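Here are a few exercises to work through with the model open beside you. Try each one before reading its solution.

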Amino acid sequence: MQIEIKTVEDIVASRSLAKEMAKEIGFGIVDQTKIATVISELTRNIIKYAVEGLLQISIIESINRKGLEIICEDRGPGIANIELALKPGYSTSRGLGMGLPGAKKLMDELEVSSEVGKGTRITARKWL
Ligand SMILES: Nc1ncnc2c1ncn2[C@@H]1O[C@H](COP(=O)(O)OP(=O)(O)O)[C@@H](O)[C@H]1O
Ligand SMILES: [Mg+2]
């Protein structure tokens, strides 16, 4: 499922869609809420730093388990130092700097790939 992220309404819509998909494959309410929180943080970052982007939510399957994958992609300014951006409290916008480190904690896997001047792609997965 793909959603264009441009407005606060898009964030709200993607939160409920992600929750719905998570519920469908068997995630409990706590995990559904964690996933929705991650969607909020990543999509808010898109609007804040890149103005617009694309969110992809997919149900994934490995040999013995199911999970949910979130991919956030934008063609914004990119992140110069990914390691730093993942540290709690680091923010280039006087934010709390807890979005990316928080998302990493709430998911099982989180990868950031980014190039300055080109954009950012964040892939996050949570397994059942
Ligand atoms: N999509 C993005 N494009 C460019 N920079 C980003 C993006 N997402 C995050 N960042 C950078 O990573 C930093 C940390 O992000 P985050 O943990 O969400 O904290 P905050 O948004 O409060 O600053 C941001 O301050 C910003 O510099
Ligand atoms: Mg943020």
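For the sorting below, Ala, Val, Leu, Ile, Met, Phe, Trp, Tyr, Cys and Pro count as nonpolar, Asp, Glu, Lys and Arg as charged, and the others, Gly among them, as polar. Keep in mind that this is a predicted model.

**Exercise 1.** Describe the shell around ligand 1 by class and by element.

*Solution.* Start with the head count: 23 residues surround ligand 1, and the closest are Asn45, Ser91, Thr92, Gly95 and Gly99. Next, look at where the shell comes from: α2 (29-50) and α4 (99-106) are the elements that give two or more residues. Of these, α2 gives the most, with five residues. Finally, sort by class, and you get eleven nonpolar, ten polar and two charged residues.

**Exercise 2.** Work out whether the length of α1 fits a helix, and which way its residues face.

*Solution.* Take 1.5 Å a residue: the 17 residues of α1 should span 24 Å, and the end C-alpha atoms are 25 Å apart, so the two agree. Now pick out the buried residues of α1, which are Ile11, Ser14, Ala18 and Ala22. Seen down the axis, they fall within an arc of 65°, so they line one face of the helix.

**Exercise 3.** Find what covers the buried residues of α1.

*Solution.* The cover includes β1 (2-5), α2, β2 and β3.

Methods:
Residues are numbered from 1 along each chain as its sequence is written. Chains are lettered from A and ligands numbered from 1 in the order in which they are written. This is a predicted model: local features need pLDDT of at least 70, side-chain atom pairs count only at pLDDT 80 or more; totals for chains, interfaces and linings use all residues. A residue is near a molecule or strand if its C-beta atom, placed from the backbone, lies within 6 Å of it. Helices (H or I, at least four residues) and strands (E, at least two) are DSSP runs, numbered from the N terminus. The expected span of a helix is 1.5 Å times one less than its number of residues. A residue is buried if 20 or more other C-beta atoms lie within 10 Å of its own, exposed if 12 or fewer, and partly exposed in between; C-beta atoms are placed from the backbone. The arc is that of the directions from the helix axis to the C-beta atoms. Two residues are in contact if their C-beta atoms, placed from the backbone, lie within 7 Å.
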